[in-house]
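Thanks for making time this morning; I would like to walk you through the charged side chains of one model, and I will keep to a handful of pairs.

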Amino acid sequence: MKKLFAEGLRGRKKSEEEEQANTLDRLVRDKEGVRKKLEEEEKEFILRKREYVSNLVHLEKQEIERREKELEQKKYELNEKKRLNQQVKDKFVEQMTLLEKKLEEVKIEHASVESEMEAEIHSLEDKLTEVVMSLNEKLEEIEPSAPEADRDISLYPDLAKISRINLERSQYRISVGSTGSSPQMSISSTVSASSATDKGETDG
C-alpha cells in the first residue's frame, strides 16, 4: 500500500514537473513568437516608412521641377514686359524729339516771317519820312505869300504836323510790337487821324 502510494506520488510529481516544463517551454515559445512578430512588424514599418519617404522624395522632386519651370516662365514674362515697356518709352522719346525739332523749325519760320514784316514796316516808315521831308523842302522853296499861305494851310502839313506824324509813328511801332496788327491798317489809321486833326485845325 505504501509502495503504491509512493509510486503514485512520484508519478504525480513527475507529471507536475513535466507540466511545469511544458508551461515554461510554451512561455519561451510564446515570447519568441511575440519577439519575431515584433521584429517583422518593425521591418514592415521600416519598409513602409521607406516607401512613404521615397514617395515624398519623388513628389518633392516633381514640385521642385514645376516650381523651377514656373520661376523661369515668370522671369521670361518679366523680361518680355521690360522689353515692351522700353519700346513704348523709346517711341515716346522719339515722338518728343520730333516735336522738339518741329517746334524749333516753327520758331525759326515765325521769326523769319516776323523779321520780314518788321523790315517791310521799316521800309514803309522810311518811305513816309522821305516823302514828308521832300514835301517840306518843296514848301520851303515855294514860300507862298500870305493869302496863298492862308489858302494852302489846310493842304500841306507844317513842321508841327510833321512832328505829330513822327510821334504817331512811334506809337504805331509800340502798337505793332504788342498787338501784332497789320502794318497797312496802322498806317491808314495814322494818316486818317492826321487828316482829321488837320481838318479840325482848318475849321477852327
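**Charged pairs along the helix**

Glu77 and Lys74 sit three residues apart in helix H1, which means that about one helical turn separates them. This is a predicted model, in which local features need pLDDT of at least 70 and side-chain atom pairs count only at pLDDT 80 or more, while totals for chains, interfaces and linings use all residues. Residues are numbered from 1 along each chain as its sequence is written, and side-chain values use heavy atoms, with hydrogens and water left out.

Glu77 and Lys74 form a salt bridge, with 3.9 Å between the closest N and O atoms; the term stands for a side-chain nitrogen of Lys or Arg within 4 Å of a carboxyl oxygen of Asp or Glu. Helices here are DSSP runs of H or I with at least four residues, numbered from the N terminus. Glu77 is partly exposed at a relative accessible area of 39%, where buried means under 20%, exposed over 50% and partly exposed in between, with a 1.4 Å probe and protein chains only.

The structure has eight salt bridges. Another joins Glu80 to Arg83 at 2.3 Å, N to O, and these two residues of helix H1 are likewise three residues apart, with Glu80 partly exposed at 26% and Arg83 partly exposed at 40%. Glu65 and Lys69 pair at 3.7 Å, N to O, and lie four residues apart in helix H1; Glu65 is partly exposed at 44%, whereas Lys69 is exposed at 54%. Finally, a network of salt bridges links Glu32, Arg35 and Glu39.
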